[in-house]
Amino acid sequence: MEGGGSGNNSTPTIDKTRVLDVKPLRALVPVFPSSAEAPPYGTYSSGFSPFYPFSAPQGSQATPDLNQQTHTTPAAPLRSFRATESNWDASGGEYESYDGSTGSARGRPKSSKKRARKIHDLDFTLSVDENDFVVGVSLSERDDGNREVVHSIQMRFDALRRRLSQLEDAKESPAGIIRRADLKAGNILMTKQGLHAQSMAGIDYMSVRNGLEEEPLAVSIVSSGYYEDDAEDKDVLIYTGQGGAANRDKGATDQKLERGNLALERSLRRGNEVRVVRGMKDSVNQASKVYVYDGLYRIQESWVEKAKSGCNIFKYKLVRIPGQPDAFGVWKSIEKWREGLSSRAGLILPDLTSGAESKPVALVNDVDEEKGPAYFTYVSTIKYSKSFKLTPPAYGCNCQNACQPGNLNCSCIRKNEGNFPYTTNGVLVCRAPMIHECGPTCPCFPNCKNRASQTGLKVHMEVFKTKDRGWGLRSWDSFRAGTFICEYAGEVIEKVSQVGEEGEGDDYVFDTSRVYESFKWNYEPGLVEEDGSIEAIEEPNVPSPLVISSKNVGNVARFMNHSCYPNVFWQPIMYENNRESLIHIAFFAMRHIPPMTELTFDYGKSRLGEAAADGGSTSRGRRKCLCGAPICRGNFG
């Protein structure tokens, strides 16, 4: 914990005076499918569950600069602030999608005559009806379309999806039934909040006027592996046109120069930019893929060739426009490192944990000549001293297998107000004052999902030297929102004064009594027909102040820097061990985090610092913040 976030950097100015009267674009977002099955273009495939986006990692085109601060906005895509209406059956049936295919209900009601405003981010598009106000987002903020507003609404969608997944997990469903909480969440937000949630498709295009006639132009493509693409080069993509693939009803056929294929051909002639989303295997779950927005490309040439099936298919060569932040390029670099760490530039140690974690943590410095942080003893969990006053003893569950969602006979579930705190894939559903997990003495299986914070590191991380904030922490793998990252390990001390007044002289102290910026992460109860008047409390509630020093003993959490706009939050977790209830501090992903993005959390403010801000006489311990976020407070501590 070296204090800081990323360096200050200005955000490129986007000309918002150019208004295009175009059809709504499909959401071009990185997603986490629920299985290896790729989606047919224009429809949703059984078993394919999109999760909402994270932005591209930062870096230069030739050699990725992984230390570049992450608030820089990459090259902006086409922007539109007006949308024509799509045909949608409000009963939840099929709709006419923008490329003419049919799919799940994702458009707007046929009967609606409202004009939609559109907010665009570099990889996300949503629309908001003027008469359907989104709570917490003003009209001026929607018009501005800044990244914070977009992230806020993305978090709202994902919070609802997690809650719906939790409710589905508690039901007894027949084996093999694919539950689509993402589609339900999209439909709810669309109908009740006026949001426009779009389906994922292979080729998206819009109509433009060419004289007296209209012709299609491609605006985005998704390379998912469903067709025979050549997608190994980080700068060149050989993309296969849509259509003609075999299915259960018919065999393969020749592709036709229509719809998306025709749009790509017209874009080749006109030379317009096309946004590209690339799919890659999820290293955490080999049965699924992760989709990442890779920036703007131009189509260089096209041709027809024979597919493996013997039918004719269209091929398009797309070349990435230079000067954009790397996304797929970073992923390809990580693949090489997995094959052999010797290829990692600036590598100091392949595993600074010396085997204490199941996944190695590399130590890297490609900034200067420093050989590593000050010595400390690596431990994977918190260490309580015998003199520290523990919480009253509690008892674990009596489940003989794994604890099951909806089983109110499980005492650990009852402690969580009857809700299983995690989804079946181990994602935290909601923040809570305290989460109760099964402890070491609970008889349930060690792989019980209610032990999510006790399994150690699940991904390959690295501690790296930043340009201006000391050492930092990042991951080679992506994180879904709500994924457990690590706990804050160290020695529990009774008073902060044990390491100096208000932590002075120790940069490695976590104190639950500090003042932390509040934020909303949980779902809105009214959206799932729950009592909205009973708002769930999200702020942590630790029975007595818990202060942890990781100066001499700690884990990777000690290297997480501060940010006023963090991507990680902390959550107190309690579980029973040897008839003692111990509190642990666990960190979870606040939103989807792409690979090689620095992990940061809000350090909060000391009580003395709060007094100084309110006109008090002291500001001891305050330090200049270098997080570079648009909403940076200027200092912390």
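In the predicted model, helix H5 buries Phe328, Gly329, Val330, Trp331, Lys332, Ile334 and Trp337. These buried residues pack against strand E10 (274–281) and strand E11 (289–306). The helix runs over residues 328–339, and its 12 residues should span 16 Å at 1.5 Å a residue; the end C-alpha atoms lie 17 Å apart, which agrees.

Strand E18 (residues 471–475) is largely enclosed by the rest of the structure, because five of its five residues are buried. In a regular strand, side chains alternate between the two faces of the sheet. Both faces of E18 are covered: Trp471, Leu473 and Ser475 are buried on one side, and Gly472 and Arg474 on the other. E18 pairs with strand E17 (residues 461–465) in the antiparallel sense, over five bridges. Within this pairing, arginine 474 of E18 is the bridge partner of glutamate 462. The hairpin of E17 and E18 has five residues between the strands, and glycine 470 takes a positive phi near 70 degrees there.

The largest nonpolar core comprises 45 residues, and Met461, Met560, Phe587 and Leu599 have the most contacts inside it. At least two residues of this core come from each of E14 (361–364), E17, E18, E19 (484–487), E25 (568–577) and E26 (580–589), all of them strands. The most is given by E26, with four residues. Leaving aside neighbours within four places in sequence, leucine 599 is in contact with residues including Met461, Leu473, Arg474, Met560 and Ile593. Apart from this core lies another, of 25 residues, among them Cys403, Ile413, Tyr422 and Cys442.

Notes: Residues numbered from 1 in each chain as written. Predicted model: local features only at pLDDT ≥ 70, side-chain atom pairs only at ≥ 80, totals over all residues. Heavy atoms only, no water. Expected span 1.5 Å × (residues − 1). Buried < 20%, exposed > 50% of the residue type's maximum accessible area, 1.4 Å probe, protein only. Contact = heavy atoms within 4.5 Å. Pairing = 2+ DSSP bridges. Core = buried A, V, L, I, M, F, W, Y, C linked by side-chain atoms within 4.5 Å.
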